[in-house]
Amino acid sequence: MKKDIKSIGCGVKVGKQFVSGEDKKITFFGSIKSGTFLSKSEVKLFTEFDDAKKTAEEVNGKVIELYAREVSEDED
C-alpha cells in the first residue's frame, strides 16, 4: 500500500473547538462577515492561509494545517 500525505488547506482552532462556518451578509459593497460558528467535530477548510489567519485573529484562535492521506492498494 502506498501512502501519500498531502496538505488540503488550513483550519482555525479555538481552544478545543474548530471554526466550522461563517455567516455573511450580502450588501451593495460586497459581503460582510456577521458571525463565526464553532464545533468540536466539523472544521471549515480554508484554501488560502491569509483567510484562515484573518479569521484566527478575529476569534483569538490559531491556524492549523490540515492533511489528507491517500491510500491505494497495489495490484500484484
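The chain exposes about 6200 Å² (Shrake-Rupley method, 1.4 Å probe), and carbon and sulfur atoms supply 48% of that area. What you're looking at is a predicted model, where local features need pLDDT of at least 70, side-chain atom pairs count only at pLDDT 80 or more, and totals for chains, interfaces and linings use all residues. Residues are numbered from 1 along each chain as its sequence is written, and side-chain values use heavy atoms, leaving out hydrogens and water.

Let's start with the layout. The chain has one helix and four strands, in the order β-β-β-α-β along the sequence. Here helices are DSSP runs of H or I with at least four residues, and strands are runs of E with at least two. Of the 76 residues, 20% count as buried, meaning under 20% relative accessible area with a 1.4 Å probe and protein chains only.

Now for the inside. The largest nonpolar core, with seven residues, is made of Cys10, Val12, Val14, Val19, Phe46, Ala52 and Ala56. Such a core is a set of buried Ala, Val, Leu, Ile, Met, Phe, Trp, Tyr and Cys residues joined through side-chain atoms within 4.5 Å. Strand 1 (2–14) gives the largest share of this core, three residues.

Finally, take a look at Thr55, which lies in helix 1 (residues 49–59). Thr55 counts as buried because its relative accessibility is 2%. Leaving aside residues up to four places away in sequence, Thr55 touches Val12, Val19, Glu22, Lys33 and Phe46, where contact means heavy atoms within 4.5 Å.

Terms used: Buried means under 20% relative accessible area, exposed over 50%, partly exposed in between (1.4 Å probe, protein chains only).
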